[in-house]
Amino acid sequence: MPRGVRTPRTRRRPHDAWDDEAWASHSDDEEFVARVSTEPVRTSSLDVTSTGAAHAQPAGLPTTDTWTLITSEDTPPSPMSTVPPSMQIPPSSETPLDVSSRGSLRELPPGVDESVGLVSSWAERHMTMASTDTDIHSMGYLEALVEDPMHRLASWDVHSPTLEPVDTTSPSLEEQEPATATEDVAQASMSAWASAAAFDPIATMNDGVFMAPLEPPTPPRQASAQPPMSPRTERQPSTSSLPAAPLKRQKSARTVRNRQRMLACLQQDDIDVPTLRSLAWKGVPAALRPIVWPLLLGYMPGTGSIRTSTLARKRAEYATGVERAFARGPESLDRAAWHQIRIDVPRTNPGLRLWQQPETQRALERILYLWAIRHPASGYVQGINDLATPFFEVFLSAYIDSDPESFELATLPPFARAALEADTFWCLSKLLDGIQDNYIFAQPGIVRQLGVMSDVVARMDAPLHAHLAAQGVEYMQFSFRWMNCLLMREMSVKSIIRMWDTYLAEGPDAFSDFHPFVCAVFLHRWRKELLTMDFQSIIIFLQSLPTKNWSDKDAEMLLSEAFMYKALFGNSKHLGK
């Protein structure tokens, strides 16, 4: 099993080319070099003052140490009794410290050679993972999580919701508020939900069941001296003066059961990926996405016995590729691709704090450039930078307990950043393998998808299709970006992440076959506004759609309708011809 160990500073490290200073030395952009050279350099332990920096480096540890992965062949027979020279910690002038599996620090006992030090026991870490009081803020937990993301299931299982029977004998039951309506997919009226459910049962998915407001219970009749009224003339209590029951969102039994089934599926030694796909269609809990997405993409194997070794090998392969790509200096770079990447990276999600940090931008530059030189048929194309952002945020969320979009990436330990960067690269590569014809010469993939979208709109909303044609609006003029960037510029990253749950569950061809139907429904959603506009107003409106406040429910309604139209028209031989 691969192990994370500290290596001496003098040892050649595979991540030397990852440093910003070394990166700047390979750049031919003088402005970039000047900017990086003037940035503050962190010389002490990591700052944990920012909210959510849960995995700070413990005080007292040398900041120059790095982490590397060694194979099981390099592991000594008894790591608890002896420590080979390759695993020794370099001597320090300070008090020798021992790093336990829980990330705490303590002085070494007398007589222990401080030049040897102690190494965290992976067996102890795995025992820690099984404990119900796992400390997600410990360095040992983070190291084990980087080695195998499945360790996240231990902490998530403890806090996952469970179904409990209602105690009807509780004396406080009568004091509770009357039953109120809950919210489902559309956050709209009963008729809108019922019409969606009529043609698509999946419209009833997610966090709640839509029920009509219930009338308050009839108060008990008081005894009276007068004779009871006949059933025909009995007067019912009036409820017209009572306020309408408000909509209230709560977890449904169906949602809890779906999450429990997904958790049980992930806990198997050999994960059943088809079953996982069917469960992920309705949405993946945020805590499980760093596990489910790599499994659905085929990057992380479902067999537990080879999972850690596969991840270690792929991450080492990425690190080697980065080192080789930038080891020969700026004259060896593809100047056209590098220049375009340097322009596009600062434009990526300009309103989000995460993507304006130097550490994030340098990581994205490495990811994009390495992908470009590995795919010379297409190279780098504008828009690919946006497609890396959902993977980066999802995998970052596995290591922190705050919002990834406002997290300070510099507070994350270097070995976790290296794993985050490598995982993002490989999952982006898996996605782009299915839509690479969108980026080769003449972009035939996008042309085909635009044809499918046009035909679907003509069949589902003929008046809107005719109005666009009458105004001289071509689908290429406004929806090219929808296909090229997969709606990343039209919706928030969080909404896109929810949509990609279903895309990945649909299969490897969803980004090319299912996406045109989603775009057709997305256009149809604005028909009321578009039917009153002329050419110029239509183009301007479609370039800045009001989707800023969209929630997961809006994205789910979009997916449900797209699924219905794909079932109706998807098998047509003349679609898109």
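What share of the contacts in the chain with a separation of 6 or more comes from residues 24 or more positions apart? I looked this up in what is a predicted model, and found that such residues account for 73% of those contacts.

Next I checked the overall make-up: the chain has 577 residues, of which 49% count as buried, and its secondary structure comes to 23 helices and six strands. For the surface, I noted that the chain exposes about 28,300 Å², with carbon and sulfur atoms supplying 54% of it.

I then turned to helix 14 (residues 389–396) and helix 15 (residues 414–434), whose axes come within 9 Å and cross at roughly 140°. Because of that angle, helix 14 counts as oblique to helix 15, and I recorded the crossing as right-handed. On the helix 14 side the contact is made by Phe391, Phe392, Phe395 and Leu396, while helix 15 brings residues including Leu420, Asp423, Thr424 and Cys427. By class, I found eight nonpolar residues, one polar and one charged in this contact.

My last entry concerns helix 20 (residues 510–524) and helix 23 (residues 552–569), which pack at an angle of about 115° with their axes 8 Å apart; this crossing, too, is right-handed. Among the residues that make the contact I listed Phe514, Phe517 and Phe522 of helix 20, together with Glu561, Phe563 and Lys566 of helix 23. The residues of this contact divide into 11 nonpolar, no polar and three charged.

How values were computed
Residues numbered from 1 in each chain as written. Predicted model: local features only at pLDDT ≥ 70, side-chain atom pairs only at ≥ 80, totals over all residues. Heavy atoms only, no water. Helix = DSSP H or I, 4+ residues; strand = E, 2+ residues; numbered from the N terminus. Buried < 20%, exposed > 50% of the residue type's maximum accessible area, 1.4 Å probe, protein only. Contact = heavy atoms within 4.5 Å. Areas by Shrake-Rupley, 256 points an atom, 1.4 Å probe, with all protein chains shown as cover. Axes fitted to C-alpha atoms, helices over the stretch in contact; angles between N-to-C directions. Parallel < 35°, antiparallel > 145°, perpendicular 65-115°, else oblique. Left-handed = near helix turned anticlockwise from the far one by under 90°. Nonpolar A, V, L, I, M, F, W, Y, C, P; charged D, E, K, R; others polar.
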